[in-house]
Amino acid sequence: MDLAVTLDDNSGVPLHRQLHEELRRSILSGRLPARSRIPSTRALALSLGVSRTTVTQCYEDLISEGYLQAAIGSGTFICQHLPEELLRAEPVRRSPKLNPPQKQPLRLSAYGNRAHNSARPERRRPDAKLSFGHWRPAFKQLPLRHWRRLVTRHSRSNGRAVFDYSEDSLGFEPLREAIAAYLSRSRAVQCEPGQVLICSGAQRAVDLITRVLIDPGDAVAMEDPGYLGARQVFMAQGADLSPVRVDESGIVVKELHKNSNSNIKLVYVSPSHQFPTGILLSLSRRLELLAWAAQQNAFIIEDDYDSEYRYGGRPVPALQGLDQNESVIYVGTFSKVLFPSLRLGYLVAPPRLVEILARAKWLVDRQSPLIEQYALTDFINEGHLERHIRRMRTLYDRRRNALVDAFSEYLPSRVSILGENAGMHLMARLRTDLGDQELIARAAERGVEIVTARPYYLRSKYQGEFIFGYSNLSEARIREGIRKLSQVLNLIDDF
Ligand SMILES: Cc1ncc(COP(=O)(O)O)c(C=O)c1O
């Protein structure tokens, strides 16, 4: 059999790969029929004018993939059944009689129904060119050169451990050590590496905690307004939610003492930068909250999601460091200090909860991806993480100032800013006669996306409060966005 094959010495693709592709195509198209014999490596090499090694390597690849088979003494043949056939499942013919209506009720579990009603994946406005609606890291400034080098280093590893199941569902031990050390120096968190559990973001941490502590009907308190991601987890679990007011000192702890709240098992707070108001929980409230939890035998989730970003003033130590009663479960994430798709976060459990949380983690997803955990360990230990945070702190500070300045330039006396000089977003009250949705729609007409704080409230129905994410917008874009917003407001209202 003669094989007409065209190879290109200048294509940059190795000759054996080119030959492999040509032969594979000929086999699949039937030009080389099943069970036919193909030329020997020597004959084909001669006729194509390539080395015999090139042909041998190509045949070996095709044999290992299941296109060719070698019969000792009689040559190499095209396989009767090709891998494409073996990998393709024929669709089952449905008899219309046997499978009639697709309108059968979907028999979801109670959890499934609650998840359906509470969780809604976030949608972006495709038309908004300039969005204040996301509090994402500055993507252009990500330290990708270091990150890629470390991921490549570990994905090239020949060690089996990086590709295998881990024996430890708490996470890669050196990463837990690095996180424990980082939290102790930067957040005054008191913990051993054995209390750190690595999981896919703060969201999974809240989910795991809720699974092991909360039954349907159990009371869970949270700040009002508060973080939707956590609220949706509590609702999906069937918790009885108690919204608790937030004032200028943070969550109003005395509301937790109300009679109707006497059964609260868990309270969710974001003390260092309350979401979404940005308010800092005062020291006296912190002590009050810890005393309440100890007396109530309740747990506190401390979500410290963007605490790294404080601009001016001393860093505020975590609530966890003040806890004497093993009440606080500390939650942190790399979504803000690195990037959200990494899906790596952690919780620091009080010793009495470590074992159960590790078991729950094993049950739901065994472990978090190891290559990323290895890379992150080096990233922290080689100092890249803290260097990046320092740079981003300066950058976000400038961006926040640009936003505040733009407010005073374009919307003087119309805006009051809530919360601390911290984080990746700020919440502002806008004085306007327009309803929130109307303002959002008119801003969108000018290509600017803003988001109302209203969905974050469980009880109150505030109008005119908006969240402005600034961390991923340049100073010029921030000014432009607020200028356009001011055009909407100044056209409408006569202040
Ligand atoms: C209050 C709060 N906690 C946590 C997170 C981060 O969650 P994750 O680590 O699941 O990305 C966010 C993200 O926006 C948040 O706003």
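In the predicted model described here, a nitrogen atom of the ligand lies 2.6 Å from an N or O atom in the side chain of Asp303, a polar contact being a pair of N or O atoms within 3.5 Å. An oxygen atom of the ligand is found 2.8 Å from a polar side-chain atom of Arg343, and an oxygen atom of the ligand is also 3.0 Å from a polar atom in the backbone of Gln203. Taken alone, the ligand exposes 400 Å², of which the protein buries 91%; these accessible areas come from the Shrake-Rupley method with a 1.4 Å probe. Because the model is predicted, local features need pLDDT of at least 70 and side-chain atom pairs count only at pLDDT 80 or more, whereas totals for chains, interfaces and linings use all residues. Residues are numbered from 1 along each chain as its sequence is written, and side-chain values use heavy atoms, with hydrogens and water left out.

The shell around the ligand holds 13 residues, of which Ala202, Asp303, Thr333, Ser335 and Arg343 come nearest; a residue belongs to this shell if one of its heavy atoms lies within 4 Å of the ligand. Helix α8, residues 201-213, gives the most to the shell, with 3 residues, where helices (H or I, at least four residues) and strands (E, at least two) are DSSP runs numbered from the N terminus. By residue class, the shell divides into 6 nonpolar, 4 polar and 3 charged residues.

The space taken by the ligand is the largest pocket, which contains about 1,400 Å³ of space. On a 1 Å grid over the protein atoms alone, a pocket is an open set of points where a 1.4 Å probe fits, with protein on both sides within 12 Å along at least five of seven lines, and lining residues have an atom within 4 Å of a point. A molecule sits in a pocket if more than half of its atoms lie within 2 Å of the grid points. The pocket is lined by 43 residues, and Arg120, Glu122, Tyr227, Leu228 and Tyr456 are the closest to its centre. The largest share of this lining, 5 residues, comes from α9, and the lining as a whole divides into 20 nonpolar, 12 polar and 11 charged residues.

Two cis peptide bonds may also be described. One joins Asp224 and Pro225, with omega about 10°, and Pro225 is placed in the loop between β6 and α9. Another joins Phe275 and Pro276, with omega about 5°, and Pro276 is in the loop between β9 and α10.

Key. Polar contact = N/O pair within 3.5 Å; in protein donor to acceptor, adjacent residues only side chain to side chain. Nonpolar A, V, L, I, M, F, W, Y, C, P; charged D, E, K, R; others polar. Points joined across faces, edges and corners; volume = space filled by probe spheres on them.
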